Amino acid sequence: MKLSTMGAVIAVVASATLAKAEDWTAYTYSAVSTTAAVTGMNRIAERVGKETDGELTMTLHLGKTLQIASSDITQAVGDNIVNFAADFFFSGSVPIARVLNLPMLIENDDEWAKSAAAMEPILVKAFAQQDVTLLGGYRYPEQTIFTTFEMKSLADMKGHKIRVTSPEQGKFVEAFGGAPITLAGTEVPTALERGVIEGVLTASAGGAKNWHEFLPFNYRFPVNYGNSMIIANTGSFDALSEKDQQILRKIVAEEGAATTREFIEDETVQKTAQANGGMKIVELADGDLATAREKLAPYWEAWAKENGPEYEEALKIIRAAIGK
């Protein structure tokens, strides 16, 4: 074979190889590069490139670096504006997923694991309706109450303005006489400084990691869990080879679990650091858990009934899984 012909063949083969490679745009709602949410996504991107031998690569963009609102991430993935993402604010696009975030329904790690497993088939189907493939996820530690005023019990929330991230958290605040306010995370520091809000529901390793200087008090009442979904555009995912699909699923499963562990570990570290920095940590008052369960349990049923039979079935599945 002539050298020129051989060169042409090599060029064609190389071109075919390059054509098969996929370079995905990845996105996360988190704008802070040091959080477990971002470091976990970075590990996914790095591992995918290595373990697929470059057949799939990802470029991760942090929150606010693309013109995508936090509440629109799932839609952006479904529209293939980005191929892959971690979405904490998915509930607007897939509202049935909010059943996992109902206050006082899921109260510990064991209940979360059982509930998430029971809900997985429902969530896979719900995301698929948005042209999105659900690959996995991770969760934050329990959301507790950080404030500019001292709380010794839930009764002390009455009359105060508290930032929430979902209508369900808002219902909890209202149940104890507070006024729920929804704000983007980027607006929280200014809102606290100006008195627009007087507290937030978050985790020590979550929002409080960035806003602790504005929040001198933390009442360690476990309101609910917050979680993020790791998702891909269905068309982009289906275009991958079966081998690369399996590799991606495996990596997401492993790194999602690792991110959850890191958040839980960091919760203890950040809580200690915040206390050492002057934050007053107040542990649970006697009777508050029982009072909250009594107030919020009827809301679970009302929430499900208002949203329809699918929601009622989802709630039933979770309650059966955790024996509540």
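A crossover is right-handed if, with the strands pointing away from the viewer, the path from the first strand over the helix to the second runs clockwise. Helices (H or I, at least four residues) and strands (E, at least two) are DSSP runs numbered from the N terminus. The model is predicted: local features need pLDDT of at least 70, side-chain atom pairs count only at pLDDT 80 or more, and totals for chains, interfaces and linings use all residues. Residues are numbered from 1 along each chain as its sequence is written, and side-chain values use heavy atoms, with hydrogens and water left out.

**View A. The β-α-β unit of β5, α5 and β6.** Strand β5 (residues 161–164), helix α5 (residues 167–175) and strand β6 (residues 179–182) make a right-handed β-α-β unit. β5 and β6 pair in the parallel sense over four bridges; two strands pair if DSSP finds at least two bridges between them. Opposite K161 stands A179 in β6.

View B. Buried in α2 are A36, A37, V38, G40, M41, I44, A45, R47 and V48. Here buried means under 20% relative accessible area, exposed over 50%, and partly exposed in between (1.4 Å probe, protein chains only). Contact means heavy atoms within 4.5 Å. D53, with a positive phi near 55°, follows α2.

**View C. R47 in helix α2.** R47 is buried, with a relative accessible area of 19%. Its side chain is joined to that of E254 by a polar contact of 2.6 Å. A polar contact is a pair of N or O atoms within 3.5 Å; within protein, one must be able to donate a hydrogen and the other to accept it, and residues adjacent in sequence count only if both atoms are side-chain atoms. Leaving aside neighbours within four places in sequence, R47 is in contact with T52, K250, I251, E254 and E255. A network of salt bridges links R43, R47, E51, K250, E254, E255 and E262. A salt bridge is a side-chain nitrogen of Lys or Arg within 4 Å of a carboxyl oxygen of Asp or Glu.

**View D. The salt bridge of K209 and D266.** The structure holds 19 salt bridges. In the one between K209 and D266, the closest N and O atoms are 2.8 Å apart. This pair links distant parts of the chain, with K209 in helix α7 (residues 208–211) and D266 in helix α9 (residues 242–276), 57 residues apart. K209 is partly exposed at 22% relative accessible area, whereas D266 is buried at 18%.

**View E. The salt bridge of R220 and E267.** The side chains of R220 and E267 meet at 3.0 Å, N to O. R220 lies in strand β8 (residues 217–233) and E267 in helix α9, 47 residues apart, so the pair links distant parts of the chain. Both residues, R220 and E267, are buried.

**View F. The salt bridge of E301 and R319.** The closest N and O atoms of E301 and R319 are 2.4 Å apart. The pair links distant parts of the chain: E301 belongs to helix α10 (residues 288–307) and R319 to helix α11 (residues 309–322), 18 residues apart. E301 counts as partly exposed at 42% relative accessibility, and R319 counts as partly exposed at 21%.
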